[in-house]
Amino acid sequence: MVRIGWVGLGNMGAPMAANLVRAGHVVKGYDVSETASTAAARHGVEVQRSIAGTVTDADVVFTMLPTGAHARDVLLGGDGVLSSAPTTAVVVDSSTIDIATARDLHAAARESGHGFLDAPVSGGVSGAAAGNLTFMVGGDADVLAAASPVIDVLAGRVVHCGGPGNGQAAKIANNMILAICLQATCEGAVLAERLGLDSATFQQLAAASSADNWALRTWYPVAGVVETAASNRDFTPGFSTALLRKDVGLALQAGKETGTDLSFAAAVAARLDVLIEKGWADRDCSILVDLVLRSRTA
Ligand code: NAD
C-alpha cells in the first residue's frame with residue numbers, strides 16, 4: 001500500500017485516483033471544485049480541505065490540473081505541494097503544460113529536495129477509466145523507477161522521453177496531431193454521411209483502412225457509432241474545447257520557437273477559437289464537427 005496525494009480531481013484526475021483506490025492504495029485528494037470533490041469521495045478518495053492536508057504524509061503526489069499557471073500555483077504556492085510534501089515523496093505532474101513551466105517545476109523540486117517528473121498522459125477519459133493511459137515522462141530514470149509501481153496502475157505504456165520537460169514536449173506534439181486528426185475525422189464523418197453512407201459502416205471501414213486514427217476510433221463525432229464518444233452525450237466532456245485549444249496553442253508557441261511551419265495546427269486553432277466565441281469552451285472538443293455540419297456551400 002502506497003500513500004498517495006492527488007490534486008485535481010476533474011475529468012481525468014477522478015477516474016485515475018479511483019483506479020489507485022481500487023488497487024488498494026490510500027488516496028487523499030483535493031480539488032477547488034465541490035462537485036469534483038464529492039464525485040471523487042464516492043470512489044473512495046479521502047477528500048481534504050487543503051493541498052497541505054493532501055500531501056503531508058504522501059509517498060507519491062500527483063497533480064492533474066488544467067494549465068501551467070494552475071500547476072505553478074499548486075506546486076509552488078505558500079502551502080503548496082513542494083512546501084508541504086515530505087522530501088521523501090516523489091511528485092508527478094500529469095497535467096499538460098508548457099515546457100518552460102515544466103522545467104521551472106523541475107528546478108524548484110530539485111531545490112526543495114523532491115523527486116519530480118513531468119508525466120502528461122494520452123488516452124482520454126476512457127483510457128483513464130480503463131487504466132491504460134500512455135505516460136510520457138521527462139526527468140531522472142531513478143525517480144521514474146521509484147514512481148513506477150504506482151504509475152503502472154494507471155498506464156498501459158510508460159515512455160521515458162528524456163530529461164526535464166521532455167514528457168511535455170512529446171505530449172504537445174502528440175496533441176497537435178490529435179487535433180488535426182480530429183478535424184479531419186469531423187470533415188470525413190460529415191462528408192460520408194452527406195454522400196449517403198451509413199455512419200457506423202463508414203467508421204468501421206475507415207478504422208480498418210488508411211484513414212485510421214485515434215479520434216476516429218474513440219471520439220467519432222456522430223452519435224450512436226462509438227461508445228466512448230462525447231457525441232453520444234451531447235458533447236459533455238471528455239476533453240474540453242478550452243483544453244484542446246490550450247494544447248494547440250502550446251504547439252503553435254513551440255513552432256514559433258523552433259521556426260516550424262504548423263499551418264494545419266493554426267487552422268484547427270482558429271476553429272477552436274470560433275467554438276470558444278460561441279460559448280462552447282466547456283463542451284467536448286469533438287464539437288468541432290458542428291462547424292462542418294453548418295457548412296452548406298453548394
Ligand atoms: P478538468 O478541467 O476536468 O480537471 C481539472 C481539475 O483541476 C478541475 O476539477 C479543477 O477544479 C481542478 N483545479 C483547478 N485549479 C485547482 C487548484 N488550484 N487546486 C486544486 N484543484 C484545482 O481537466 P481534465 O480534462 O481532467 O484535464 C486535466 C489535464 O490533463 C489538462 O492539462 C488536460 O490538458 C490534460 N489531459 C486531458 C485529457 C482529457 O481527455 N480530458 C486527456 C489527456 C490529458
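1. R72 is partly exposed, with a relative accessible area of 31%, where partly exposed covers the range between buried, under 20% relative accessible area, and exposed, over 50% (1.4 Å probe, protein chains only). The model is a predicted one, in which local features need pLDDT of at least 70 and side-chain atom pairs count only at pLDDT 80 or more, while totals for chains, interfaces and linings use all residues. Residues are numbered from 1 along each chain as its sequence is written, and side-chain values use heavy atoms, with hydrogens and water left out.

2. R72 belongs to helix α4 (residues 68–76); helices (H or I, at least four residues) and strands (E, at least two) are DSSP runs, numbered from the N terminus. Leaving aside residues up to four places away in sequence, R72 touches G77, T101, D104 and L105, contact being heavy atoms within 4.5 Å.

3. The buried residues of α1 are G13, A14, P15, M16, A17, A18, N19 and L20. Just after α1, G24 adopts a positive phi of about 100 degrees.

4. The domain assignment divides the chain into domain 1 (3–163) and domain 2 (169–294), with bounds that come from an automatic or database domain assignment. The contact between them draws 16 residues from domain 1 and 14 residues from domain 2. The C-alpha centres of domain 1 and domain 2 lie 27 Å apart.

5. Between them, domain 1 and domain 2 bury about 1100 Å², 69% of it on carbon and sulfur atoms; buried area is the accessible area (1.4 Å probe) that two parts lose on being put together, summed over both. On the domain 1 side, T96, I99 and M136 lose the most area to domain 2, together accounting for 37% of what that side buries.

6. What polar pairing crosses the interface of domain 1 and domain 2? Three residue pairs are found in polar contact, both residues at pLDDT 80 or more, a polar contact being a pair of N or O atoms within 3.5 Å; within protein, one must be able to donate a hydrogen and the other to accept it, and residues adjacent in sequence count only if both atoms are side-chain atoms.

7. The elements giving two or more residues to the side of domain 1 that touches domain 2 are β7 (121–122) and α7 (124–130), and α7 gives the most, with three residues.
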